[in-house]
Amino acid sequence: MEKIPLKGLDATLYKETLENGFSIYMIPFKNKNNYTQTYATRYGSDTIEFTMSNKKARITPTGIAHFLEHKMFEQEDGKDPFTFYGESGTDANAATDHQYTKYICSGTKNFKENFRFLLRYVNAPYFTDENVKKEQGIIEEELNMYTDIPEFVLEVKVRENIYQKHPRRIDVGGTVEDIKKITKEDLYDCYNTFYQPNNMFALLVGNFEPEEALQIAKEEMASRKNKTTARPTIKDYKEPVEVNKKEETVSMNIKVPKVLFAVKLSRKNFPIKDKHMLNLYLQLITSVLFGSSSLFKEYARNEGLMSGMYHEWEQVDDIVTLIFQIDTKKPVELLKELKKTLSSIEISEDDMNRYKKVWIANEVRMIDYVDATTDNVFSDIITYNEPVTDRISLIRAMNKKELDKIVQHINLENTAEILVLPKEDEN
Amino acid sequence: MKYIKKDLGSYNLHIIKTDKFKSVTVQVSFRAAIVKEEITMRNVLSDLLLLSCKKYPTKREVALKSQDLYASQVMVEDLRLGNYLNTNFYLNTLNDKYTEEGNLEEGIKFLSELINHPNVENNCFNSEALEIIKRQAQASLERVKEDPANYSLIRLLENMDRNSPLSYRPMGYIEDLEKIDASNLYVYYKNMLKTNMMDIFILGDVDESEAERIIVEAFQSNTYKKIRKPYRLEDKKPHAKPVVIKEMEKHLLQAKMSIGCRAYDLTESERNYALTLYSIILGMGGDSKLFQNIREEYSAAYYINATPNKLDNILIIRAGITKENFKKVVRLVEGELQAMRKGKFTEEDIKKAKELFQTSMEELEEHPSRIINAYYMMEILGADDINTRRKKMNAVTSEEIISVAKKVKIDTIYCLEGE
C-alpha cells in the first residue's frame, strides 16, 4: 500500500490498486467521529457511444447512467440498502454526473460492515422488465421536477448551444423519450461494460483503519474478473471549437431576466499542457476578474447591473469553456461590460499573490471537514485520474510569467449567449 | 471540549475550547420578539452591515480585507426561532498557528468593524450602499416563486395561521422593502444594538483569557436587556377537519404538496425526545414509513418527507407528486399517521431511529457552527446538553412515541399545481 503525505495538511493518502485494476484511496483521520465511503464508476451521462471489447459499436439511449444509479438500490435478495444503512443510522446516497456515478454512505458507526455492504450491493445488479418499467415513471417525475426549476433547465440549454456534437449537451438524466426506451438489456450491457473493477474505485475518508478497509476491499473485489479485459473505447466526438448556436432569446417562467454567456476555447492552444496547472491559472483569472473582490463586481453592484452571478470552467476533451449564468435587469449593458472585462484582462502580481494565499488557507481549512475533503479528492480523481497530493506546492509555484501567457490565449472568438426573458403572460 | 460561559452584563460570552479544528469560529447573535413588519428591515440591515463599514466603505474593500486575513469568512443569517427574530453573524478564520500571530484578533476586530461601525453619516446609512442591498432584496423577493417547493411551504404556513409568526415570510415582503430608507433603517439598527438580547460564541483552539480579552475589546456594549416573551409559539389545536387549499402555477409540471400538522399538547419531554423519533420513523430518510410506503410501494410521490418544528409545535410533510395523485397521497398520508397512532411500527424501527439520532449527534461534533448552535439552544431554550440528549433519547419507549402520534393531526393541506 502506497502512503503519500498530503503536503501541508497533516494528513496522508493511502493508495492500493488490485490486480484487476480496482483502486482504493483512503484518507484516515484519528480525531474525527465520522467517515464517508464512496464507491464510483467512471461512467456518467457523457458516455452514450462506445465500442465494446468484442468490437461491437453501441449507441445507447441517453440517461442510462442515471437510470442505473436508481436501479442499483433494488436488490434481488438480501436487504434493501436504505434498510441496511438505517440500522446503524448511516446515510446512504448516490449521484450521477457527466463523467461518473457514485454511491456514497456517511456515518459514524459500522464502518467495516457498511463498506462491505456498499461494495456488495453495487456489485449485484438486478434488473427485470417489471422493475425497469416502474423506474421509468419515477425518473420521468424526477426530470419533471428539474424542468420546474429555471436554473437547471438553463444549465442544459446553455450546453446545447455550446456543444455541437458532444453529449455534454444533453441533460444528465437523459430525455423523457429516451428513458421510455431503456430496456433491462441496455442496463445489463452498460453495467457489464462500465461497472467493472478496472473502471471503478473506492474513496474512504474519516475515522477508520486503512489496513482493515483494504482487507475488505480485497475480499470483496479481488476475485471479481473484468467482464471486458480491455476498457471500452469511448467515441471521440472531435468537438469543434465553434459553438452550436451563437445567440438566442428564450422566455421562461421567471421574474428577473437572465443572461447566459459562454466562452469556448481550444485547450491545445494554451502553452501549459498540465491539466491541473492550467485549471489553477484559469480559475485564478476568473477569481480575480469576477470574484468577491473584483472591480467588475464592484461596478456591477454600483450600477445595479445584476442581482446574482455564477460562473464555472468546464473541460470536455480538448475544449475548455467558461460559462456564466447571471440574473440581471439590464442584460444588454451587463453583457457589454462582461465582454469588455474578458477582452482586456489585466492581473497584477498582488492580485495573484492574494488569491494564492486565499487558496492555500482554504486547502488547510477544508481538511477539517470529512465531506469537503471527500468532494475535493473525488473531483481530483475524476478530473485528473488521481488525487492531487501537493496542491499547496502547485499553488505556490504559480507565477506571473505563465499567467500572462495563458491570459493571451483567452479570446471571445467563439461565444454563445442566451437572453432569458420572463414569459409575457407572467407580467 | 471545554465550555465556559461568562456573563458580561449586556451579553454572554461562551468559550468552547476544542483542538479539533484548524480554524476558529465566532458567532455574534442578536434576537428580539419578532414583528412582521420588521422582517424585511432586518434582512436588509444584516446584508447592509456585511456590505461595507466606515473603515472598509465598499464591498470590494471588505472582500479584500477578508482575503487578506487568510480567507476569513464572514457571513450573516437571519432566522425566526419561534416568537423571535434572530440574527447570527459568523466569522471563521484559520488559527494563528496556521497563519501568523494576531490573525484571530485582526479577524474579530474586522467582524466588530462591520457590526459596530457601519458606513453612517448624519444618522443615516450610506444611501448608495443601501440602494445596492435594496435592489438585491427586490430581485430575490420577486423570484420567490421560482423555487416551487419552497413557495408551497411558504403558502402552507401562511394559510395555517394568518395571525401567528408561523405565517411570516422569512425573506420579507416587497411592500415593506419600499418603506425602508437610510434614516429609519439607522434608527432600527441603533434599536437593535440597544434592545436585542446578545450572545457571543468563540469556538476553537484558543486561550480562554486571551479570547475574552479580544472579544471584550471588540464588542463593548453596556445596555441591560431583559427577555419578555416565551420562545415557543402558542400551542394550537388543529382544525377539526383539515383545510385543503389548491393554487395554480401555470407552467408547473410536478405538483408540490405541503401538509401542515399540529403537534398539540405535547409534554416537554415528548416534544424534545419522542417527537424526534416519531418524525424519523414517519418521514426522515429512505427507510421511513412515508418514503417506503408512498414512494416505493405506490410510486405516488417522487419525494416525500416529514420534519418537525419543536418551537412552532408543528410537523410538516412535503411531497412532489403528479397532481392527479393528490387525493391518493392525502389518503395514504392519513393512513400512515393513523398507523403510527396504532403503534404499527416495530422495536427495530425505534432502534434505527435512535441510531440515526446518535449518528447526527456524533456528526454534529464535526461542525463548529452546529456545536455552537447546540450551546445556543441550551442558552436560550434551556435545552439539554449533547450527552444528556443522547441518553434521554435512548430511553424513549414505543408508548411515548404512540402518545405523540395521537397528538399529531393534519391541520392544513396545501398543493401548488400546474394547469
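Start by selecting Tyr191(A). This residue is buried, with a relative accessible area of 1%. Here, buried means under 20% relative accessible area, exposed means over 50%, and partly exposed lies in between (1.4 Å probe, protein chains only). You are looking at a predicted model, where local features need pLDDT of at least 70, side-chain atom pairs count only at pLDDT 80 or more, and totals for chains, interfaces and linings use all residues. Residues are numbered from 1 along each chain as its sequence is written, chains are lettered from A and ligands numbered from 1 in the order in which they are written, and side-chain values use heavy atoms, with hydrogens and water left out.

**Around Tyr191(A)**

Which residues is Tyr191(A) in contact with, leaving aside its neighbours within four places in sequence? Show Leu68(A), Met72(A), Val122(A), Asn123(A), Ala124(A), Pro125(A), Phe127(A), Gln196(A) and Arg224(A). Contact means heavy atoms within 4.5 Å. Now draw a distance from the C-alpha atom of Tyr191(A) to that of Leu119(A): they are separated by 14 Å, and the two residues are 72 apart along the chain.

**Helix α7 and its sheet**

Next, colour helix α7 of chain A, where Tyr191(A) has its place. Helices (H or I, at least four residues) and strands (E, at least two) are DSSP runs, numbered from the N terminus. Helix α7, residues 184–194, lies across β5, β6 and β10 of chain A and runs at about 60 degrees to β5(A). Axes are lines fitted to C-alpha atoms, for helices over the stretch in contact, and angles run from 0 to 180 degrees between N-to-C directions.

Now select the strands under discussion. They form an open sheet of 3 strands in the order β6-β5-β10 (chain A), with antiparallel pairing. At its edges are β6 (57–59) and β10 (233–234) of chain A, each pairing on one side only. Two strands pair if DSSP finds at least two bridges between them. Strand β5 of chain A, residues 49–51, is joined to β6(A) by 3 bridges, and the two run antiparallel.

**Helix α3 of chain A**

Move to residues 111–122 of chain A, which make up helix α3. How far apart are the end C-alpha atoms of this helix? They are 17 Å apart, which agrees with the 16 Å that its 12 residues should span at 1.5 Å a residue. The expected span is 1.5 Å times one less than the number of residues. Show the buried residues of α3(A), among them Phe111(A), Phe115(A), Leu119(A) and Val122(A).

**A second sheet in chain A**

Then find the open sheet of 5 strands with the order β11-β15-β12-β14-β13 (chain A) and mixed pairing. Its edges are β11 (247–252) and β13 (308–316) of chain A; each has a single partner strand, so one side of each is left without a neighbour in the sheet. From one strand to the next, the twist averages 15 degrees. Helix α11 of chain A, residues 331–343, packs on the sheet, touching β12 (258–266), β14 and β15 (415–422) of chain A, and its direction makes about 25 degrees with that of β12(A). Strand β14 of chain A, residues 319–327, runs antiparallel to β13(A), with 9 bridges joining them. Pick Gln315(A) to find it opposite Val320(A) in β14(A).

**Over to chain B**

Select strand β3 of chain B, residues 23–33. Is this strand mostly covered or uncovered? Mostly covered: 9 of its 11 residues are buried. Strand β5 of chain B (residues 84–94) runs antiparallel to β3(B), joined by 11 bridges, and Ser23(B) stands opposite Leu94(B) in β5(B). Strand β8 of chain B (residues 197–204) also runs antiparallel to β3(B), joined by 7 bridges. Here Thr25(B) has Leu203(B) as its bridge partner.

For the last stop, show the hairpin of β11(B) and β12(B), which has 4 residues between its strands. In the turn, Asn313(B) has a positive phi of about 55 degrees. The strands, residues 303–309 and 314–321 of chain B, run antiparallel and are joined by 7 bridges. Finish on Pro308(B), opposite Leu315(B) in β12(B).
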